[in-house]
Every structure is written in C-alpha cells, then in structure tokens.
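Please examine the following structure together with its sequence. The briefing below concerns annotated positions and the strands around them.

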Amino acid sequence: MTKLSVNINKIATLRNARGGNIPDVLQMARDIESFGAEGITVHPRPDERHITYQDVLDLSPVLSTEFNIEGNPITKFVNLVLQVRPAQVTLVPDDEDAITSNAGWDTVKYKGFLKEVISGFKQNNIRCSIFVDPNPEMVKAAVETGTDRIELYTEAYAAAYAKGDKDAVKSYAECAGIAHDLGMEVNAGHDLSLENVGYFKKQLPYLEEVSIGHALISEALYLGMEKTIQKYLKLLK
Ligand SMILES: CC(=O)[C@@H](O)[C@H](O)COP(=O)(O)O
Ligand SMILES: NCC(=O)COP(=O)(O)O
C-alpha cells in the first residue's frame with residue numbers, strides 16, 4: 001500500500017484570497033485526516049503566498065497523521081523545521097520566485113550541502129526526503145547525502161500520460177528500483193491526479209508515499225473532499 005499525503009497549500013491559497021479564515025486550514029487538515037489521508041503536506045514558500053510559516057506552527061500540534069514539510073532549505077526554513085520536528089522534511093531546490101517546483105536536485109553538485117542539511121535534521125529524528133528527477137545518476141548520488149528517501153518529481157510523467165504516452169513511467173520504475181537497491185525509500189509527487197496515479201502506482205515496484213495537492217483539491221470541487229480521498233485510497237491500495 002502507498003500512503004496518501006494531502007498537500008493543503010491550495011486551501012491556504014483560497015483563504016488568503018480574502019484574508020480572514022475561510023476556509024479554515026486547520027479544520028480542513030483535520031477533516032482530510034478523518035477522511036482517511038495518511039499524511040498532510042505543506043510547502044511554505046518564502047513569500048508565504050499560500051501556507052504561511054505561522055500555519056506550519058499551528059498545524060503541528062493538531063495533526064494526528066504524518067506531517068511532511070517541503071521546501072528549499074534556506075535558513076528560515078531549516079529553523080522552522082527544527083522547531084516543528086515533523087515526521088518528514090522534503091528538500092526541494094526551488095527558486096524564490098518559482099510559480100511551483102520545477103526541478104529536482106542536482107545531487108552530484110549539491111552533495112556536500114545536502115549532506116550537511118540532512119545530517120542536522122536526522123540528528124533531530126526527522127526523516128529526510130529529497131526531490132529528484134527520474135535520472136539514475138541523480139538517484140545514485142542521492143544515497144551519498146544520507147537521505148532516507150527520495151521523492152520522484154512526477155511532472156514529466158503526468159504531462160506525458162495526459163498525451164497518451166504511458167512509457168514515460170519507465171524511467172520512474174527504474175529509478176525506484178535503483179533507490180530501493182541502495183537502501184532508500186521512494187516517494188513521488190507533483191501533478192499526480194485521479195487520472196494518472198493508478199497507473200503510476202501499478203508500475204512502480206516500490207512506492208511508500210505520494211503527496212498530492214493541486215489536482216486533488218481541484219477534483220474535490222466536483223466530488224467533495226471525502227469522496228475524492230476515498231477514490232485516491234482505492235487507487236493506492
Ligand atoms: C515539491 C512539489 O512538487 C510540491 O510541493 C509542489 O511544488 C507544490 O507546491 P505549490 O503548491 O507551491 O505549487
Ligand atoms: N510533493 C508534491 C506535492 O506536495 C504536491 O504537488 P501537486 O500535487 O500540488 O503538484
């Protein structure tokens with residue numbers, strides 16, 4: 001079984017559109033957990049355009065499932081994660097002004113940096129994952145950073161699948177196998193949806209967790225949050 005961690009950034013985007021507290025991000029997170037999601041993911045960005053640093057602090061004590069905090073390990077982010085001590089931190093090499101995540105780590109070039117950051121988190125018993133493209137060279141170098149997991153960046157798979165190209169999953173399956181053989185667990189995320197996640201899960205030999213936000217929140221506008229989560233859980237069994 002693959003765990004579903006729901007990324008609630010887009011709920012905060014809606015709330016921030018008007019100020020105030022509608023929708024209530026904390027209540028939504030609790031409801032998402034009660035509908036069966038096994039984790040909550042947030043990706044606070046430096047401009048706090050959706051999830052704010054304060055949201056992360058407020059969410060931490062009320063969650064009952066795995067809390068996954070994603071982001072670029074700038075000092076402010078590292079301090080936040082060390083204060084909250086979530087179950088998992090996912091390191092993503094975002095530019096400050098990126099609309100959304102758009103690349104995985106160059107684990108060869110940034111090996112030393114990642115090693116140092118990951119060591120600090122692991123000393124605090126925080127599981128580490130790093131966002132990587134489905135590139136065998138990057139996956140092989142990832143193990144030397146000391147990370148527990150990799151998160152495969154699935155945007156390219158999702159785009160290809162939408163055009164009918166199912167073969168795009170092959171590089172992901174290969175990289176999941178390499179990661180497993182090297183002792184790392186495998187997560188995946190970005191642009192996964194009800195349409196494409198079932199095939200992805202079936203093709204990957206190892207897949208611990210997917211984090212899904214943009215499509216899931218959009219699908220919930222039509223189906224409702226509870227039904228949407230139930231559909232994902234069925235596909236991820
Ligand atoms: C790492 C990743 O793929 C997700 O965190 C995604 O980038 C969501 O971030 P936004 O909600 O800011 O697009
Ligand atoms: N790590 C990926 C994530 O949290 C959600 O990405 P998306 O579903 O919003 O593209």
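The points below treat the annotated positions and then the strand pairing.

This is a predicted model, in which local features need pLDDT of at least 70 and side-chain atom pairs count only at pLDDT 80 or more, while totals for chains, interfaces and linings use all residues. Residues are numbered from 1 along each chain as its sequence is written, and chains are lettered from A and ligands numbered from 1 in the order in which they are written.

**Annotated positions**
- An unreviewed UniProt entry gives the annotation "binding site" to Asn7, Arg18, Asp191, Gly213 and His214; such annotations may be inferred rather than shown by experiment.
- Because these positions span 208 residues in sequence and their farthest two C-alpha atoms are 25.9 Å apart, they do not all gather at one spot.

- Asn7 belongs to strand S1 (residues 3-7); strands here are DSSP runs (E, at least two residues), numbered from the N terminus.
- Asn7 is buried, with 25 other C-beta atoms within 10 Å; the term requires 20 or more such atoms, with C-beta atoms placed from the backbone.
- Gly213 lies in the loop between strand S8 (209-212) and helix H10 (214-223), a helix being a DSSP run of H or I with at least four residues.
- Gly213 is buried, with 25 other C-beta atoms within 10 Å.

**Strand pairing**
- Strand S1 has four of its five residues buried.
- Four bridges join S1 to S8, and the two run parallel; Lys3 stands opposite Glu209 in S8.
- Three bridges join S1 to strand S2 (residues 39-42), also in parallel, and Val6 stands opposite Ile40 in S2.
- Two strands pair if DSSP finds at least two bridges between them.

Technical notes
A residue is buried if 20 or more other C-beta atoms lie within 10 Å of its own, exposed if 12 or fewer, and partly exposed in between; C-beta atoms are placed from the backbone.
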